[in-house]
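Hi,

Here is the model I said I would pass on. Have a look at it, and then read on for what turned up.

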Amino acid sequence: MSGLAERLQELSPRKRELLLRQLRSQRGGEQPGLSAIPKQPRDGRLFPLSYAQQRLWFLDQLEPGNPFYNLPGAVRLAGPLDERALRRALAEVVRRHEALRTVFVSDQGRPAQRIGEPPALIMPVVDLGTLGPRREKVAMALAAALVRRPFDLARGPLLRALLLRLGPEERVLAFVVHHIVADGWSLRILVREVSALYAACAAGAASPLPELPVQYADYAAAERQWLAEGILAPQLDHWKRRLAGLPAALELPADRPRPEMQTFRGGQQPLAVPPAVLDRLRALGQGAGTTLFMGLLAAFMTLLHRYTQCRDLAVGMPIANRDRAETEGLIGFFVNTLVLRGDLSGDPPVRTLLARVRAAVLEAFAHRDLPFERLVEELRPERDLAHSPLFQVLFAFQSIPAAAPVAESLAARPLPVEIGRSLFDLTLSLEEEPGVLAGWFEYNRDLFDAARLRRLAGHYLNLLAAMAAAPERRLSELPLLSAAERQQLLAEWAEPAGAGPARRRAHELFEARAAERPAAPALVWGALSWSYGELNARAN
């Protein structure tokens with residue numbers, strides 16, 4: 001989720017709408033507003049899928065039961081826990097949000113969603129207290145196994161939970177939901193509502209949460225209507241112009257050739273921004289009129305440029321897509337993806353790049369309503385199963401508020417769960433907590449080794465520090481290597497002065513070999529073969 005989106009969500013719905021109108025007017029005039037989301041009849045009918053859901057359904061049809069779109073979550077709970085109240089709280093969340101009791105079926109060859117009755121939530125409890133020091137490792141292994149188990153979209157349920165007892169007052173709640181019914185924002189809603197409902201259930205009180213005005217199926221039907229009415233046509237026209245002539249793919253230096261088909265096997269490389277660098281980045285943003293998100297994105301684009309020498313590149317950016325008051329507290333797959341086109345031509349100074357990135361982000365956000373899947377449909381890029389369309393790298397940033405206790409005597413702390421997937425060649429995810437900025441690179445293990453990502457993460461941190469310290473410098477002047485890497489390159493790996501053949505040019509080495517062994521094969525192509533002598537003569 002973009003930092004701009006996070007800031008917008010902190011505003012009241014009225015102030016947010018006024019700001020968004022201002023952005024639209026700055027980017028080419030006021031655009032027609034989206035009509036209201038009407039409540040659809042609940043008479044057992046099937047509902048259409050949103051465009052985002054439709055893409056995931058088709059991917060599941062191509063490779064049934066793949067776990068690539070499982071969204072994991074885990075929370076460590078410290079203190080006395082009423083397990084019965086926790087189970088009731090989870091069940092009430094499932095009752096409130098129809099998306100969590102929806103399955104996806106084929107209706108005359110077309111996908112449709114069917115909303116079921118609230119099921120009896122099964123939350124197995126596993127006691128690991130007798131395992132001693134091994135219990136932590138076993139708990140995380142069980143949590144990982146839970147989130148890697150595939151879902152059956154046609155049968156459901158699409159939410160699973162597991163409670164692991166580590167001690168009398170120490171537990172881990174692990175859960176996983178399929179992306180087709182939820183997104184990252186939804187997981188925060190899930191945890192927040194469980195916390196509120198747990199306190200009420202433990203006290204035997206009624207739910208403190210108001211009923212939801214609409215459900216995700218209503219939003220999916222409204223999205224189809226907006227597209228049918230042509231309300232989003234101006235946005236489609238904008239994106240067609242903005243992305244015209246975009247390079248087909250961004251090829252980062254890799255350790256292995258790209259497979260013919262993506263396997264989504266992924267790894268993670270953590271990183272943390274030093275507090276002093278974070279402070280300087282904030283000061284740079286204040287002086288340049290940019291957000292922290294924009295500065296981090298500019299550094300990421302610079303990293304990609306320095307690695308590939310591409311001056312025209314595309315980066316994906318997920319946004320919450322919850323600008324309407326009725327969708328803010330709703331569990332569902334709302335997240336949309338914007339394509340940011342980076343212009344790094346002319347070797348600009350850091351401040352110039354920041355201004356370009358700011359303009360690109362504001363322009364993209366002013367045209368954020370068009371579903372990414374519909375954009376791909378309309379642009380029809382040359383499809384290649386080896387990589388994703390339009391962009392191959394993603395940048396995600398979100399601000400995470402300090403965690404609130406589940407109850408007065410019960411503290412909750414989120415735990416990371418690694419599921420070993422990467423939906424893109426490279427994803428940089430950064431999270432801002434009070435006083436801390438950290439995250440990870442998620443990378444495709446078919447392309448990159450862990451050692452390469454460790455170096456890449458270090459180079460990103462080096463660029464951040466250099467950009468914050470000297471924003472007047474041009475991109476080519478920013479140091480990429482660390483002091484240790486420069487020492488290794490210039491001293492340890494440098495050839496001694498006067499070294500012999502290794503210092504000769506390539507064509508000189510070739511001619512020397514041709515003189516020594518003129519009949520030896522130098523080039524073979526199918527049934528054809530050229531000796532060193534023949535190739536040297538042709539070259540001359």
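Leaving aside neighbours within four places in sequence, which residues is Phe395 in contact with? They are Phe293, Leu296, Leu297, Phe300, Val315, Gly316, Met317, Pro318, Leu428, Leu430 and Tyr460, where contact means heavy atoms within 4.5 Å.

Before the rest, some ground rules. This is a predicted model, with local features needing pLDDT of at least 70 and side-chain atom pairs counting only at pLDDT 80 or more, while totals for chains, interfaces and linings use all residues. Residues are numbered from 1 along each chain as its sequence is written, and side-chain values use heavy atoms, with hydrogens and water left out.

Now the core. A nonpolar core here is a set of buried Ala, Val, Leu, Ile, Met, Phe, Trp, Tyr and Cys residues joined through side-chain atoms within 4.5 Å; buried is under 20% relative accessible area, exposed over 50%, and partly exposed in between (1.4 Å probe, protein chains only). The largest such core has 148 residues, and the members touching the most others are Leu296, Phe300, Phe395, Leu426, Phe441 and Tyr460. Helix 10 (residues 292-308) gives this core its largest share, twelve residues. Helices (H or I, at least four residues) and strands (E, at least two) are DSSP runs, numbered from the N terminus.

On to the aromatics. Rings of Phe, Tyr and Trp (its six-membered ring) pair if their centres lie within 6.5 Å, and planes under 30 degrees apart are stacked, over 60 edge-to-face, and the rest tilted.

Phe441 belongs to strand 13 (residues 436-444) and Tyr460 to helix 13 (residues 450-469), so the pair ties together parts 19 residues apart in sequence. Phe441 is buried, at 0% relative accessibility, and Tyr460 is buried at 0%. Phe293, Phe300, Phe395, Phe397, Phe441 and Tyr460 form one aromatic cluster.

How many residues does helix 13 have? There are 20, reaching 29 Å from first C-alpha to last, close to the 28 Å expected (1.5 Å times one less than the number of residues). Its buried residues include Leu453, Leu456, His459, Tyr460 and Leu463.

Elsewhere, Leu128 lies in the loop between strand 4 (125-127) and helix 5 (135-148), and counts as buried at 5% relative accessibility. Beyond four places in sequence, Leu128 is in contact with Arg135, Val138, Ala139, Leu142, Leu164, Arg165 and Leu166.

Arg188 sits over Trp185, 5.5 Å from the ring centre, and Arg224 over Tyr51, at 4.3 Å.

Last, the cysteines. The whole structure has zero disulfides, meaning pairs of cysteine sulfur atoms within 2.5 Å. Cys201 is buried at 13% relative accessibility, whereas Cys310 is partly exposed at 27%.

Cheers

Methods
A charge sits over a ring if NZ of Lys or CZ of Arg is within 6 Å of the ring centre and within 35 degrees of the ring normal.
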